[in-house]
Amino acid sequence: MIEQVELKNYGLHSNIEWDSLGKINLIIGENSCGKSFILKAIYSAMRTIEAFGRGQNNKTPAEILSDKLYWTFQTKTLGDMVKKRL
């Protein structure tokens, strides 16, 4: 079970910190505010933990996460997903 989520400068969001999550949590917001983006980021992180935990991969967790993010978001570069400061 996911107990905490923290994202910084990621996508449309500059800072997200959620603590004490329950078994069921809702993300509510208007269209195009980044709800799916957050869910995809959490999915990618969980799949990375799962893949690394199997021990059958010679990649580091950062390399696995990079692959998961790339294939989940289908972006040209991972840098496109980071919120750029002006």
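Student: Which residues are linked in a network of salt bridges?

Tutor: A salt bridge is a side-chain nitrogen of Lys or Arg within 4 Å of a carboxyl oxygen of Asp or Glu. Here the network links Glu6, Lys8 and Glu17.

Student: What kind of model is this, and how are its residues numbered?

Tutor: This is a predicted model, in which local features need pLDDT of at least 70, side-chain atom pairs count only at pLDDT 80 or more, and totals for chains, interfaces and linings use all residues. Residues are numbered from 1 along each chain as its sequence is written, and side-chain values use heavy atoms, with hydrogens and water left out.

Student: How many salt bridges does the structure hold?

Tutor: The structure holds five. One of them joins Lys8 to Glu17, with the closest N and O atoms 3.4 Å apart.

Student: With which residue does Lys59 form a salt bridge?

Tutor: The partner of Lys59 is Asp67, and their closest N and O atoms are 2.3 Å apart. Lys59 is partly exposed at 36%, and Asp67 is partly exposed at 30%.

Student: Where do Arg47 and Glu50 sit in helix H1?

Tutor: Helices (H or I, at least four residues) and strands (E, at least two) are DSSP runs, numbered from the N terminus. H1 covers residues 35–54, and Arg47 and Glu50 are three residues apart in it, so about one helical turn separates them. The two form a salt bridge, with the closest N and O atoms 3.0 Å apart. Arg47 is partly exposed at 29%, as is Glu50 at 37%.

Student: Which residues of H1 are buried, and what covers them?

Tutor: The buried residues in H1 are Ile38, Ala41, Ile42, Ser44, Thr48 and Ala51. Their cover, judged by contact (heavy atoms within 4.5 Å), includes strand S1 (5–10), strand S2 (13–18) and helix H2 (61–73).

How values were computed
Buried means under 20% relative accessible area, exposed over 50%, partly exposed in between (1.4 Å probe, protein chains only).
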